[in-house]
Amino acid sequence: MIQKSQLDLRKFVAPEFVCGHGALQLAGRYARNFGMKQVLLVTDPGVRAAGWAEAVGESLTEAGVSFTIFDSVSVNPRSRQVMSGKEVYLSEECNGIVSVGGGSPMDCAKGIGIASSNMRDILTFEGVDRVPVPAPPLICIPTTAGSSADVSQSALITDEERKRKIAIISKALVPDISLLDPEPLTTMPRELTVDTGMDTLSHAIEAYVSNASSPMTDVHALEAIRLIHGALPAVVGEPDDLDLRFSTLLASLHAGLAFSNASLGAVHAMAHSLGGAYDLAHGRCNALLLEHVIAANYEAASDRYGRIREIIGPAQDERTTPAEEVAAFRKALGITETLAAVGVRVDAIPALAEQAYADPCLVTNPRNLTCEEIGRIYEHAF
Ligand SMILES: [Fe+2]
């Protein structure tokens, strides 16, 4: 691990956010305050069917703000979807974006914003700080507790031609406000709850052991681990419990603040590669990789993994490793399959490893991994 000092210069970027029951209903008031007259409301068919797009639309109408719904967004949003959203944004003469949904609609909304303001193809923004013109105002209302797209300075878009995910990282992608309401989380099916929860845990663990962590990000990362570890198994049994849902939402917020400023590591580098090639749910990819990356990284950050073990492991029995504790947590949530079981082929490993090796998230992994070592971590997940 790179030697760090707490005196090293650090920047901490965060949006304004409002959390609590009823936050969703503030969408209209904030849209009006931002001067929005015609909004592109970016969502997806599932969130729309659950009624949350309609609820946000009512809030906008009550505030006298017109809107057009754009819901042509899939899991792992495609560059083509971003570009058709940009066409709707421009043709409807919108001057602001509101996104209600999980990571996919929110990342798509971020993409539509920068593609519209810069009049460029979304794939040209790949990398760090490559957005010259700021995006129009963006309000996010998350309906899952995991992606943290509502607070982060990144967006992941799938390049369908090359079957890979591109990462866009820029302060221009930080929403202007995030409205964190536990109620929309109650319509999440069990699988989405556990997958997004494992995404939260992965964000927090990767941010805590990241080479770019700082005292500010550590506080958020550790609190996120404590909250999600306590609330996720319970919320699976009590999906309508607003207090438990809110704990997972707070965990996601803390994890988002941590990773947006400390970046991530090999779990996400490898999950991006997997998700791009096989169109698998992002949280599930992380869940299947997390313990194997921890085992590979352990020696490079043993103190930090030890602290994580203190939070998630039984205090009375210290014989288990952090990787074993994470594996036990995953299994208790009902995630028991291997990469083979979700359709990944062993002969795809070299290409997956090569893609992960080039991912910007790998830069802050606590251990320098070679392409071959990444391949071996994939093998362990089979
Ligand atoms: Fe993630």
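Predicted model: local features only at pLDDT ≥ 70, side-chain atom pairs only at ≥ 80, totals over all residues.
What is the site of the iron ion like, judged by the angles among its 4 donor atoms? It is irregular, with angles of 85 to 171°.

**The iron site**

Four residues coordinate the iron ion: Asp199 through OD, and His203, His268 and His282 through NE2. The distance is 2.2 Å. Four donors count as tetrahedral if all angles lie between 85 and 135 degrees. The angles at the iron ion run from 85 to 171°. Along the chain, the donors follow the spacing D-x3-H-x64-H-x13-H.

Asp199 and His203 belong to helix H6, residues 190-209. They are 4 residues apart there, so about one helical turn separates them. Both Asp199 and His203 are buried.

**The sheet**

The order S1-S9-S6-S4-S2-S3 describes an open sheet of 6 strands, with parallel pairing. Strands S1 (16-19) and S3 (66-70) stand at the edges. Each has a single partner strand, so one side of each lacks a neighbour in the sheet. From one strand to the next, the twist averages 20°. Helix H5, residues 103-118, packs on this sheet. H5 touches S2, S3, S4 and S6, and its direction makes about 165° with that of S4.

| Strand pair | Sense | Bridges | Example of facing residues |
|---|---|---|---|
| S2 and S4 | parallel | 4 bridges | Leu41 and Val98 |
| S4 and S6 | parallel | 5 bridges | Val98 and Ile139 |
| S1 and S9 | parallel | 4 bridges | Phe17 and Ser178 |
| S6 and S9 | parallel | 2 bridges | Ile139 and Ile177 |

Strand S4 covers residues 96-101. How many of its 6 residues are buried? The count is 6 of the 6, so S4 is largely enclosed by the rest of the structure. Gly96, Val98 and Val100 point one way from S4. Ile97, Ser99 and Gly101 point the other way. Gly96 of S4 stands opposite Val39.

Strand S9, residues 177-180, also has buried residues facing both ways. Ile177 and Leu179 point to one side, Ser178 and Leu180 to the other. Ile177 is the bridge partner of Ile139, while Ser178 stands opposite Phe17.

**The nonpolar cores**

The largest nonpolar core holds 62 residues. Which of them touch the most other members? They are Ile205, Ile225, Leu289 and Tyr378. Take Ile225: leaving out residues up to four places away in sequence, Ile225 touches Leu201, Ala204, Ile205, Ile308, Ile311 and Ile312. Another core, of 26 residues, lies apart from the largest one. Among its members are Cys94, Ala149, Ile157 and Ile166.

Glu93 has a positive phi of about 55°, although it is not a glycine. Glu93 sits in the loop between helix H4 (79-91) and S4. Is Glu93 buried or exposed? Its relative accessibility is 66%, so Glu93 counts as exposed.

Lys163 is not a glycine either, and has a positive phi of about 50°. Its loop runs between strand S7 (154-159) and strand S8 (164-169). Lys163 is exposed, with a relative accessible area of 56%; the cut-off for exposed is over 50%.

Thr143 lies in the loop between S6 and S7. Thr143 has a relative accessible area of 5%, so this residue is buried. What is Thr143 in contact with, leaving aside neighbours within four places in sequence? The contacts are Val47, Trp52, Val100, Gly101, Gly102, Pro184, Leu185 and Met188. Val100 and Gly101 belong to S4, where they point opposite ways. Thr143 and Pro182 are 39 residues apart along the chain, and their C-alpha atoms are separated by 8.0 Å.

Notes:
Residues numbered from 1 in each chain as written. Heavy atoms only, no water. Donors = N, O, S within 2.8 Å, 3.2 Å for Na, K, Ca; no water. Tetrahedral: all angles 85-135°; square planar, octahedral: opposite > 155°, others 65-115°. Buried < 20%, exposed > 50% of the residue type's maximum accessible area, 1.4 Å probe, protein only. Pairing = 2+ DSSP bridges. Axes fitted to C-alpha atoms, helices over the stretch in contact; angles between N-to-C directions. Contact = heavy atoms within 4.5 Å. Core = buried A, V, L, I, M, F, W, Y, C linked by side-chain atoms within 4.5 Å.
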